[in-house]
Protein chains: 2
Amino acid sequence: MAKSNAPITEHLAYLLAQANREINRQLELRLSKEGVPVEQWRILKVLSDGDGHSMGELADAVLLNHPTLTKMIDRMVSDTLVYRVQDPNDRRKVLMFISDRGKVLCKRLNSLAVDQEEHILESYGDKSTSELKRLLESLIDSSN
Amino acid sequence: MAKSNAPITEHLAYLLAQANREINRQLELRLSKEGVPVEQWRILKVLSDGDGHSMGELADAVLLNHPTLTKMIDRMVSDTLVYRVQDPNDRRKVLMFISDRGKVLCKRLNSLAVDQEEHILESYGDKSTSELKRLLESLIDSSN
DNA sequence: CTTCAATTGTTGAATATTCAATATTTTCAA
DNA sequence: TTGAAAATATTGAATATTCAACAATTGAAG
């Protein structure tokens with residue numbers, strides 16, 4: 001049974017927030033070399049399969065609320081990293097695509113992100129990393 | 001070696017963000033019963049040892065930037081959940097204390113938070129939960 | 001068919017967060 | 001002891017996020 005007087009550092013919610021904050025901060029630092037926020041990297045990465053993704057789909061995938069995504073996409077359209085196309089099959093929907101410029105940027109960002117993953121692998125270890133990933137995936141699964 | 005074309009769902013940074021978002025959303029939902037944001041629960045919990053904590057210390061502990069914490073504390077002071085005392089030993093510092101009202105509220109919040117932990121234990125399992133906590137702690141350690 | 005509910009995306013106002021600058025106090029070296 | 005640098009917290013302006021309302025389209029029941 002969980003104790004209600006346990007220090008906050010023993011709560012799973014807190015540990016997740018703390019770990020996320022730290023890892024995200026590191027990634028942010030690397031991506032800032034290209035002046036791109038983490039969320040934009042996520043967007044480019046999801047779109048880099050070349051398919052069209054609706055805003056709703058994209059919002060889920062990149063962990064952003066709809067209005068926040070809309071405004072971020074507005075900026076990225078201005079920067080010609082992505083573009084909107086009305087879905088011909090369902091005209092309520094907007095399909096997002098990555099541009100050539102977006103693809104080029106995404107490649108550079110991917111390599112910065114991989115740098116970080118490798119840095120984590122070094123200091124944290126191969127075994128721990130893959131075990132942690134496995135557990136996180138299963139936690140996410142069990143929460144739906 | 002990490003692959004730069006790996007889907008975003010294989011990045012540790014992404015899995016952490018996703019898990020954190022989901023668990024935090026659930027906790028938020030429970031705490032909303034008392035109309036309190038997660039960060040305020042963290043603050044009350046840290047202060048509930050009865051000691052005075054400086055703003056800097058508190059900001060670290062509750063994972064908030066200094067200006068954000070200052071403004072949140074302003075609200076909590078208005079609600080008489082906490083109060084400020086100038087540190088007599090170092091007058092640059094402000095020591096934060098929890099009020100009696102804050103303590104009462106904190107108890108109710110703790111039990112909501114424990115509800116959630118127990119819900120996670122049920123659906124995710126005892127073993128996985130403690131193993132995940134262990135790995136998260138060690139990741140955080142290795143990142144400093 | 002028509003109408004009403006549901007889905008999808010955007011907007012504007014309200015709210016919250018962040019960045020840079022500031023004020024105060026302490027530390028420490030000259 | 002003095003003066004410059006560091007540490008601490010707050011403020012205000014700029015930015016970002018969220019909430020609720022909206023517009024457009026589709027789906028589906030009558």
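These questions and answers cover a sheet in chain A and the interface of chain A and chain B in a predicted model.

Student: In what order do the three strands of the open sheet in chain A stand?

Tutor: The pairing in this sheet is antiparallel. Strand 1 (53-54) and strand 2 (82-86) stand at the edges, each with a single partner strand, so one side of each is left without a neighbour in the sheet. The order is 1-3-2.

Student: Which residue is the bridge partner of A:Arg84 in strand 3 of chain A?

Tutor: Strand 2 and strand 3 (residues 94-98) of chain A run antiparallel. Five bridges join them. In strand 3, the partner of A:Arg84 is A:Met96.

Student: What angle does the direction of helix 2 of chain A make with that of strand 3?

Tutor: Helix 2 (residues 38-47) packs on the sheet. It touches strand 1, strand 2 and strand 3 of chain A. Its direction makes an angle with that of strand 3 of about 95°.

Student: How many salt bridges does the rule find across the interface of chain A and chain B?

Tutor: Here 56 residues of chain A are in contact with 56 residues of chain B. The area buried between the chains is about 5,100 Å², with 69% from carbon and sulfur atoms. The rule finds 21 residue pairs in polar contact. For salt bridges, the count is zero.

Student: Which element of chain A gives the most to the side that touches chain B?

Tutor: Elements giving two or more residues to this side include helix 3 (55-62) and helix 5 (100-124). The residues of this side divide into 28 nonpolar, 16 polar and twelve charged. The most, 14 residues, comes from helix 1.

Key: Residues numbered from 1 in each chain as written. Chains lettered and ligands numbered in written order. Predicted model: local features only at pLDDT ≥ 70, side-chain atom pairs only at ≥ 80, totals over all residues. Heavy atoms only, no water. Pairing = 2+ DSSP bridges. Helix = DSSP H or I, 4+ residues; strand = E, 2+ residues; numbered from the N terminus. Contact = heavy atoms within 4.5 Å. Axes fitted to C-alpha atoms, helices over the stretch in contact; angles between N-to-C directions. Buried area = accessible area lost by both parts, 1.4 Å probe. Salt bridge = Lys/Arg side-chain N within 4 Å of Asp/Glu carboxyl O. Polar contact = N/O pair within 3.5 Å; in protein donor to acceptor, adjacent residues only side chain to side chain. Nonpolar A, V, L, I, M, F, W, Y, C, P; charged D, E, K, R; others polar.
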